[in-house]
Amino acid sequence: MKIISVVGARPNFMKVAPIHFAIEKFNQLQTPGLPNSITHKICHTGQHYDEKMSKVFFEELKLPKPDYYLGAGSGSHAEQTGKIIIEFEKVLLTEKPDLVIVVGDVNSTIACSLTAVKLGIKVAHVEAGLRSFDRTMPEEINRILTDTISDFLFVTEQSGIDNLKREGIADEKVYFVGHVMIDSLARYLPLAEKSEILRQAQFNINHDEGYILVTMHRPSNVDYPKKLKELIAMLNRLAEKKKVIFPVHPRTKKNLDRFGLSGSISKNLLITDPIGYIDFIALTKNAELILTDSGGIQEESTWLGIQCVTLRTTTERPVTIETGTNYLAGDDFKKAESIALSILNGKRKEGKIPVLWDGQAAERIVKILVNSKL
Ligand code: UD1
């Protein structure tokens, strides 16, 4: 069996890594050369290309260098998606795989699943069924379209099963397997525990001091001058209570500069470049509180039992609210600030780890693929 997995943007790398390792493990148990073993290739679309958004992840996750690099880079959604489709088709025509694995909800996910399906190649979507019910989010469109055309839909939480059922996807395509991103988190946590990041001069934070970790990159939060200004003002106020660590995504960085806000950052609001995977886990695990608009961080904080305030009106990951330690603050920064302050004052949510988030999702996926009639 030949499989090509697609990675494109930062949140994809830690999802494909455990699948790659589970395939390697499966192959080690097979007789070499017999048809049972799996040839696994990795295609990087190049949607994220900065060293700190991409290369460092391959190194830290110990993922082999991608077999293909498509160099799609930035551009409008149409340009980015279009370039990936054109280049990925060439890869598929050369490789003729039995299956393409796509993860998450980025433009690379829909571009590559669409290309594969049009060539009659089966598609597995890992992290299927999540819905924010907000079609102004590009990721929601990517999720719905990818799920509609996939042959295997690997789901992380019950809401995913319910959503796919409601959309009329056949039950036999849907598999509740847990979460590959949590596989990586569990695997790399021991390394993160040795991270020295908090002692670096730029932070210089003691373990008992406590700090707030912030990530923000959604267009709705960072693409409008008024919104971004309000965000920075709120973070400046919170930074009077606790140091705030804010690793800044390239989209947010560009806008801070463009809107002339880079000069209005207070001393305790510690702005940094994007941070590598292992150090970022360390920052997450040790934070007193996280403010984010990311999808994955809502889940990682739930697994680690860290209080998380999500600055969005919807979440496609409701299990983090219902079972985990996540709060949905909406797009009103005043509300987010008041939740953050009450957490800092000791009002904490006791969370539980969601069902099947046990570090074994990738092994379940490989088992299902091997037992299928691919
Ligand atoms: C993308 C995903 C989003 C995911 C996020 C994680 C889509 C539609 N969005 O959003 O779901 O949560 O990645 O990071 O696929 N840029 C750089 N260097 C890089 C990458 C991007 O400078 O390595 C710049 C681009 O030029 C662009 C901006 O950052 O101006 C946004 O990049 P883009 O890939 O379009 O979307 P993200 O906001 O990163």
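This is a predicted model: local features need pLDDT of at least 70, side-chain atom pairs count only at pLDDT 80 or more; totals for chains, interfaces and linings use all residues.
Before I turn to the elements themselves, a word on how they are named: helices (H or I, at least four residues) and strands (E, at least two) are DSSP runs, numbered from the N terminus. With that naming, Asn204 lies in the loop between helix H7 (180-192) and S8, and I will come back to that residue towards the end.

Residues are numbered from 1 along each chain as its sequence is written, and side-chain values use heavy atoms, with hydrogens and water left out.

Let me begin with strand S4, residues 99-103. When I say buried I mean under 20% relative accessible area, when I say exposed I mean over 50%, and partly exposed is in between, with a 1.4 Å probe and protein chains only. Five of the five residues of S4 are buried, so this strand is largely enclosed by the rest of the structure. In a regular strand the side chains alternate between the two faces of the sheet. In S4, Leu99, Ile101 and Val103 point one way, Val100 and Val102 point the other way, and all are buried.

What are the neighbours of S4? Two strands are taken to pair if DSSP finds at least two bridges between them. Strand S1, residues 2-7, runs parallel to S4 and is joined to it by three bridges, with Ile4 standing opposite Val100. Strand S5, residues 122-128, also pairs with S4 in the parallel sense, over five bridges, and here Ile101 stands opposite Ala124. From S4 the chain crosses through helix H4, residues 107-118, to S5, in a β-α-β crossover that is right-handed; by that I mean that, with the strands pointing away from the viewer, the path from the first strand over the helix to the second runs clockwise.

Now to the ligand. There are 20 residues around it, of which His48, Ser74, Asn107, Glu139 and Lys254 come nearest; a residue counts as near if one of its heavy atoms lies within 4 Å. By class, this shell has six nonpolar, eight polar and six charged residues, where Ala, Val, Leu, Ile, Met, Phe, Trp, Tyr, Cys and Pro count as nonpolar, Asp, Glu, Lys and Arg as charged, and the others, Gly among them, as polar.

Which helices each supply at least two residues of the shell? They are H3 (77-95), H5 (138-149) and H10 (250-258), and H10 gives the most, with three residues.

For polar contacts I use pairs of N or O atoms within 3.5 Å; within protein, one must be able to donate a hydrogen and the other to accept it, and residues adjacent in sequence count only if both atoms are side-chain atoms. A polar side-chain atom of His217 lies 3.0 Å from an oxygen atom of the ligand, an N or O atom in the side chain of His249 is 2.9 Å from a ligand oxygen, and for Lys254 the corresponding distance is 2.8 Å. The protein covers 89% of the 740 Å² of accessible area that the ligand has on its own, with areas from the Shrake-Rupley method and a 1.4 Å probe, and, for residues, only the protein chains shown counting as cover.

Finally, some loop residues. Ser150, between H5 and strand S6 (152-155), is buried, with a relative accessible area of 1%, and its side chain reaches the backbone oxygen of Thr146 at 2.7 Å. Most residues other than glycine have a negative phi. Phe133, in the loop between S5 and H5, has a positive phi of about 60° and counts as exposed at 57% relative accessibility. Asn204, to which I promised to return, has a positive phi of about 50° and, at 51% relative accessibility, counts as exposed.
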